[in-house]
Amino acid sequence: MLLGYARVSTDGQDHTLQIDALRAAGCDKVIVETASGTRTDRPELAKALEQVRQGDVLVIWRLDRLARSLRHLIDIADDLNGRGIALKSITESIDTTTPSGRFMFNILGALSSMEREIIVERTRAGLQAAAKRGRRGGRPAALDDAKIRAARAMLASGNMSAIEVAQQLGCAPSTLYRHLPGGRAGIGAAAVSVAA
């Protein structure tokens, strides 16, 4: 039996590319998982490893979909090999039923691990360089100081509710509550202090 395993890291990513490739490779069944590759507890991977039997082939789209590190990849391959189960990676054209496939598996596993480490290193360096220039990631603040002052003034007038003020400023009421002392309960107090 050819058993496929497909994994993406987040809900925002799509399994379709991997599933299509696994089906095209002749997989009888495909087990799908959404979990970070760095996680040790991947229940669908555990299920796939339990389901394969001697003579079966575990098929993956790419090596980094299977393991969280080179050591983990080698451990999985050794376990499968010891149980008489082959491992096949479509993208890297690796099939551990052949000596050349086993050799390529070890080489590409090392390269895959190195590539991931380089990406992580570059990302960290980029974030550090941006931080030194005073930039930080994430969405810009919805309310700046001027908008917060305007919100207090509008609330102090007593003519607008917090929801109406939030709509006027183009933000959610919860954002407005977060930026005013005391939150929702503090809206009335903030209005009184501005009026005084």
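A residue is termed buried when its relative accessible area is under 20%, exposed when over 50%, and partly exposed in between (1.4 Å probe, protein chains only). By this criterion C171 is buried, at a relative accessible area of 13%, and C27 is likewise buried, at 7%. The structure is a predicted model, in which local features need pLDDT of at least 70 and side-chain atom pairs count only at pLDDT 80 or more, while totals for chains, interfaces and linings use all residues. Residues are numbered from 1 along each chain as its sequence is written, and side-chain values use heavy atoms, with hydrogens and water left out. A search of the whole structure for disulfides (pairs of cysteine sulfur atoms within 2.5 Å) returned 0.

Nonpolar cores were defined as sets of buried Ala, Val, Leu, Ile, Met, Phe, Trp, Tyr and Cys residues joined through side-chain atoms within 4.5 Å. The largest nonpolar core comprises 19 residues, of which Y5, L58, L66, I76, L80 and L87 touch the most other members. Two or more residues are given to this core by each of β1 (2-8), α2 (43-51), β3 (57-60) and α3 (70-82); these elements are DSSP runs numbered from the N terminus, helices being H or I of at least four residues and strands E of at least two. The greatest contribution, 4 residues, comes from α3.

Helix α3 has H72, L73, I74, I76, A77 and L80 as its buried residues. Just after α3, G84 adopts a positive phi of about 75°.

The search for salt bridges (a side-chain nitrogen of Lys or Arg within 4 Å of a carboxyl oxygen of Asp or Glu) gave 4 in the whole structure. One joins K47 to E44, with the closest N and O atoms 3.2 Å apart; the two residues are 3 residues apart in helix α2 and are therefore separated by about one helical turn. K47 is partly exposed, at 35%, as is E44, at 23%. D64 forms salt bridges with R62, at a closest N and O distance of 2.6 Å, and with R65, at 3.2 Å. Whereas D64 is partly exposed at 21% relative accessibility, R65 is buried at 12%. Through shared partners, R62, D64 and R65 are joined into one network.
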